[in-house]
Amino acid sequence: MAAAAATPTRAPGVSGSGMDARLDQETAQWLRWDRNPLTSESVKQLVAEGNKEELQKCFGARMEFGTAGLRAPMGAGISRMNDLTIIQTTQGFCRYLEKQFSDLKQRGVVISFDARAHPASGGSSKRFARLAATAFISQGVPVHLFSDITPTPFVPYTVSHLKLCAGIMITASHNPKQDNGYKVYWDNGAQIISPHDRGISQAIEENLEPWPQAWDESLIDSSPLLHNPSTSISKDYFEDLKRFCFHRSVNKESAVKFVHTSVHGVGHEFVQLAFKAFDLAPPEAVPQQKDPDPEFPTVKYPNPEEGKGVLTLSFELADKIKAKIILANDPDADRLAVAEKQDSGEWKVFSGNELGALLGWWLFTSWKEKNQDRSTLKDTYMLSSTVSSKILRAIALKEGFHFEETLTGFKWMGNRSKQLTDQGKTVLFAFEEAIGYMCCPFVLDKDGVSAAVISAELASFLATKNLSLSQQLKAIYVEYGYHITKASYFICHDQDTIQKLFGNLRNYDGKSNYPKTCGRFEISAVRDLTTGYDDSQPDKKAVLPTSKSSQMITFTFANGGVATMRTSGTEPKIKYYAELCAPPGNSDLEQLKKELEELVGAIEEHFFQPQKYNLQPRAE
């Protein structure tokens, strides 16, 4: 995964003066090429002040282009998102696509953007999108550039729908306001996977000098190669979405009230249109958060995954209008959080795994009603990532369809879904615990717009049976076995510490062995997707692909627990995911919760050792 550019450390074997010379060279080259007055002036000022420390942060290392594209703060320098790095990235991407597709100039690409902006450096998602479009059009490549903000899933949808070669979305999703990103989709409509990231990265390095027309973004407005897909794609997307409306008559009569927040992002208008497509009364929008605002003024983090803090204004509005369900999108509307008012008066925010269980159950139940022929089950699939709950596996075992797990991230589920679909299989649903859901396979990525309206239809349908989402979730666990999860993280900015922590787990007894126990919990299997080791396989080799560039170890415990520790690709976090899976019939939920709490406590104490490694716990 592409990481947010960290503060670079001195390269091994480079002396202070060698480092300074390289820094001087990078800065001089930057000032020759950068035509944005705000970023070039800020660099000139740093040079004049002799501010080596700040220059090192801006120019120490180029942002790394990974499978998630780029994500970094906006500002001057090669380690930041700005006009020049966008031009350089797009030039490299364009040259790489020319090599891969002989018909690039016939098919073209799609580009869209969210509402992020950084006045201090003059950067904004819209400006970056226009500069990217300029690079392609200057080389004779047609560009479908949205004229206004869209949800991220509209880009993969457009790639598939118009059979384009690639898609670019300028967004940093739910990152802090100073960040931006450059997310890339391949011609199959899914996010890129290796080796494309390495190929693009190399092509960027070979095309750093801006092309003659790179800065002339006005040239695109009169170009016959520029297309605006906004109206037609929006119409087609919502038409396709209607196929996943299973109870239109229930929706028309439904009295269930919903509150929706787009958390100052792009989602408002699109979720309103989705409800209209399903004949549902529109949800009440949180007024302070419905319009896009790059400052995200009402939240500390614009990430609904952080739970109740982001939903404070939603709770207030819901209580005021007596709505029982809240739907919250992240700022680029590819994720969804759902909360429901309980009889106790408390609000329950469903975890990604709980909503995954509800949506998986619902999409299977609705599909089964339409497809009575049981022989079709053998060609029907659901997917989730390896750190997500195994509840879909339990449902699949009992109901007779296939379940597959992939590596973490929708790039894997999107690409695998496309392979299965191409083989004539039906993919009903895919999800990851980080509140990402693919409910409609016409988008091969997570989509918070379709997930919002499908969750609303599910709630409306359950209301006709006098059931709440929470009651239905319990019914799923009673039928298929309780799957209870806990996920959290520690913050760590130091790569060396991360290496030491994971190195310690691989050499727990000083003799290159993994731990056999964690506190009182016995470990029955270990899988390490950094090294490719899996002691549950006959040849001790992991089945899922491995990646040396990120850390990921999964421990299976004798009590039915599974825990994964991994580094994040886009944030300075070491994350953990723990789950206890009980067979159907074991319904002592409180005992299971207690056991999971103890297991998580042991993992934090013995494997993370936060005091020893000076890790910062997640702020509650």
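Because the model is predicted, local features need pLDDT of at least 70 and side-chain atom pairs count only at pLDDT 80 or more, while totals for chains, interfaces and linings use all residues.

Select R243, F244, V427, P441 and F442, which are the closest to the centre of the second largest pocket among the 22 residues that line it. A pocket is an open set of points on a 1 Å grid over the protein atoms alone, with protein on both sides within 12 Å along at least five of seven lines, and a lining residue has an atom within 4 Å of a point. The second largest pocket has a volume of about 490 Å³, where volume means the space filled by probe spheres set on the points, which are joined across faces, edges and corners.

Next, select V387, S388, Y577, A578 and E579, the closest of 15 lining residues to the centre of the largest cavity. A cavity is a set of grid points where a 1.4 Å probe fits but cannot get out, and about 100 Å³ of space lies in this one.

For the rings, select Y96 and W186, whose centres are 6.0 Å apart with planes at 50°, so the pair is tilted. Rings of Phe, Tyr and Trp (its six-membered ring) pair if their centres lie within 6.5 Å, and planes under 30 degrees apart count as stacked, over 60 as edge-to-face and the rest as tilted. Both Y96 and W186 are buried, that is, under 20% relative accessible area (1.4 Å probe, protein chains only), whereas exposed means over 50% and partly exposed in between. Then move to F258 and F275, where the centres are 5.7 Å apart and the planes at 75°, so the pair is edge-to-face; both of these residues, F258 and F275, are buried.

Finally, select S314 in helix α12 (residues 312–321), a helix being a DSSP run (H or I) of at least four residues, numbered from the N terminus. S314 counts as buried at 0% relative accessibility, and, leaving aside neighbours within four places in sequence, S314 is in contact (heavy atoms within 4.5 Å) with V259, T261, V286, Q289 and I326.

How values were computed: Residues are numbered from 1 along each chain as its sequence is written. Side-chain values use heavy atoms; hydrogens and water are left out. Helices (H or I, at least four residues) and strands (E, at least two) are DSSP runs, numbered from the N terminus.
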